[in-house]
Amino acid sequence: QVQLVESGGGLVQAGGSLRLSCAASGRTFGSYSMGWFRQAPGKERELLAAITWSGSSTNYADSVKGRFTISRDNAKNTVYLQMNSLKPEDTAVYYCAARAGRPWAMNYDYWGQGTQVTVSS
């Protein structure tokens with residue numbers, strides 16, 4: 001069992017940056033792939049970035065490639081999403097999630113409660 005708590009969301013102007021954090025409980029955090037998703041009102045949940053259990057491999061959606069960076073610190077049971085050059089269309093609720101398996105998938109096993117990111121123009 002893994003419990004996930006996101007933090008770091010907020011209001012930022014277009015072009016600005018935010019760093020989201022996701023703190024995980026449980027001794028087995030280091031064995032899970034981790035992903036960051038977002039969901040805007042009226043839209044489907046979108047997988048943005050994912051990272052393997054070791055941190056050796058990452059993947060990104062085209063919509064955020066070059067602007068967002070996922071990383072993890074297994075010693076701190078934490079995964080991060082650094083978001084740069086934010087755009088109004090990045091406004092959404094952002095979720096972190098964990099799964100036992102390959103990271104680039106939609107069927108994650110554990111989810112956080114989400115954190116709101118709002119980008120003003």
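**Close-up views of aromatic rings**

**View 1. Tyr-32, a buried tyrosine.** Tyr-32 has a relative accessible area of 10%, and because buried means under 20%, this residue counts as buried. Please keep in mind that the model shown here, as in every view below, is predicted.

**View 2. Five aromatic pairs, starting with Tyr-32 and Tyr-110.** The count of aromatic pairs comes to five. In the pair of Tyr-32 and Tyr-110, the ring centres are 5.9 Å apart and the planes meet at 80°, so the arrangement is edge-to-face. Distant parts of the chain are linked here: Tyr-32 sits in the loop between strand S3 (18–25) and strand S4 (33–39), while Tyr-110 belongs to strand S10 (residues 110–111), 78 residues apart.

**View 3. Phe-37 and Trp-111, a tilted pair.** With centres 4.6 Å apart and planes at 55°, the rings of Phe-37 and Trp-111 form a tilted pair. Phe-37 lies in strand S4 and Trp-111 in strand S10, so parts 74 residues apart in sequence are tied together.

**View 4. The ring cluster and two arginines.** Ring pairs join Phe-37, Tyr-95, Tyr-108 and Trp-111 into a cluster. Take a look at the arginines as well: Arg-45 lies over the face of Tyr-95, 4.2 Å from the ring centre, and Arg-99 lies over the face of Tyr-108, at 5.8 Å from the ring centre.

Definitions and conventions: Residues numbered from 1 in each chain as written. Predicted model: local features only at pLDDT ≥ 70, side-chain atom pairs only at ≥ 80, totals over all residues. Heavy atoms only, no water. Phe/Tyr/Trp six-rings, centres within 6.5 Å; stacked < 30°, edge-to-face > 60°. Helix = DSSP H or I, 4+ residues; strand = E, 2+ residues; numbered from the N terminus. Buried < 20%, exposed > 50% of the residue type's maximum accessible area, 1.4 Å probe, protein only. Lys NZ or Arg CZ within 6 Å of the ring centre and 35° of its normal.
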